[in-house]
Amino acid sequence: MTALVIDGHPYAESLTASLARRYAAGHGDARVLALRDLDFDPHMRFGYRRRMTLEPDLLDAKQALAEAQTIVIATPLWWGSVPALLKGFFDRALLPQQEYRYSPQGLPIGLLTAPHGRLLLLADTPWYAAPFTGLPAQRQVVRNTMRFCGIRSVRTHRMLGVKNASPERIGRWLEDAERLGASDGRRDQAIAAEAASSSVVATS
C-alpha cells in the first residue's frame with residue numbers, strides 16, 4: 001500500500017465515498033480507510049490532560065498513515081468545517097510525539113513521512129459564492145492538519161455546487177478522481193521501485 005485514502009463521510013453511498021473509491025481504483029495500490037467502518041471513540045474524553053487507550057482500528061490507521069507515500073482525504077464541507085467523524089479521527093489519531101511534535105521554540109514539526117497529499121473537498125456552495133463565504137475547511141485540513149503533521153505537498157480539488165450538480169458533472173468529477181489516482185499511482189510506484197533498488201544495492 002503506497003497511498004492511503006481517508007473517506008471522512010459517515011454515509012457509504014455518498015458522493016464523497018464514491019470519489020474515494022474511484023481515486024483508489026485509479027491508483028492501483030491504495031487503501032480506502034472509511035472512517036465510518038472503524039470502531040473508535042471520536043471524543044477526546046480528557047482533552048490532552050490524559051491519553052486515551054487507542055483502539056485496534058486506530059492503531060491500524062496510524063500504522064497506515066506512517067507507511068503511506070501519499071495521503072488523500074475526501075470530505076464534505078459541513079457548517080464551514082468537516083464532519084464530526086473526521087474531526088474526531090484527527091483528534092484521536094494524530095498525537096503529539098507520534099504524528100507531530102514541537103520544537104524548543106514552540107514551532108510544530110510534522111512526523112509523518114508522506115511527501116504528497118490531496119484533499120478532495122465537496123460543498124454545496126456554488127463556485128461564485130466561494131470567494132465571499134470562504135472555505136475554512138480547506139485551510140483547516142490542508143494547513144492545520146496535513147502540513148502540520150509533515151505532509152509537505154498537498155493539492156486541493158474542490159467539487160462545488162454539489163447540491164445542484166448534473167449527473168454529467170458528477171460523472172466528470174468521478175473520472176477526474178480516477179485520473180488523479182492513476183497519476184499518483186505511477187509516481188508512487190516509481191518511488192517504491194527506486195527505494196527497492198537502492199535497498200538491494202545497499203545490502204549487496
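**Aromatic contacts, notebook**

Tyr100, Tyr102 and Phe148 form one aromatic cluster. I note that the model is predicted.

Entry 1. I looked up the aromatic pairs in the structure and found five. I began with tyrosine 100 and tyrosine 102, whose rings are edge-to-face, with 5.8 Å centre to centre and 80° between the planes.

Entry 2. I then checked accessibility for these two residues. Tyrosine 100 has 9% relative accessibility and is therefore buried, as this is under 20%. Tyrosine 102 has a relative accessible area of 45%, so I list tyrosine 102 as partly exposed.

Entry 3. Tyrosine 100 has another pair, with phenylalanine 148. I read 5.1 Å centre to centre and 70° between the planes, and this pair is edge-to-face. Where in the chain do tyrosine 100 and phenylalanine 148 lie? I find tyrosine 100 in strand β4, residues 100–102, and phenylalanine 148 in the loop between α5 (136–146) and β7 (153–160). The two residues are 48 residues apart, and the pair links distant parts of the chain.

Entry 4. Is phenylalanine 148 buried or partly exposed? I noted 23% relative accessibility for phenylalanine 148, which counts as partly exposed.

Entry 5. I also looked for a charge over a ring. Arginine 50 lies over the face of phenylalanine 46. I recorded 3.8 Å from the ring centre for arginine 50.

How values were computed: Residues numbered from 1 in each chain as written. Predicted model: local features only at pLDDT ≥ 70, side-chain atom pairs only at ≥ 80, totals over all residues. Heavy atoms only, no water. Phe/Tyr/Trp six-rings, centres within 6.5 Å; stacked < 30°, edge-to-face > 60°. Buried < 20%, exposed > 50% of the residue type's maximum accessible area, 1.4 Å probe, protein only. Helix = DSSP H or I, 4+ residues; strand = E, 2+ residues; numbered from the N terminus. Lys NZ or Arg CZ within 6 Å of the ring centre and 35° of its normal.
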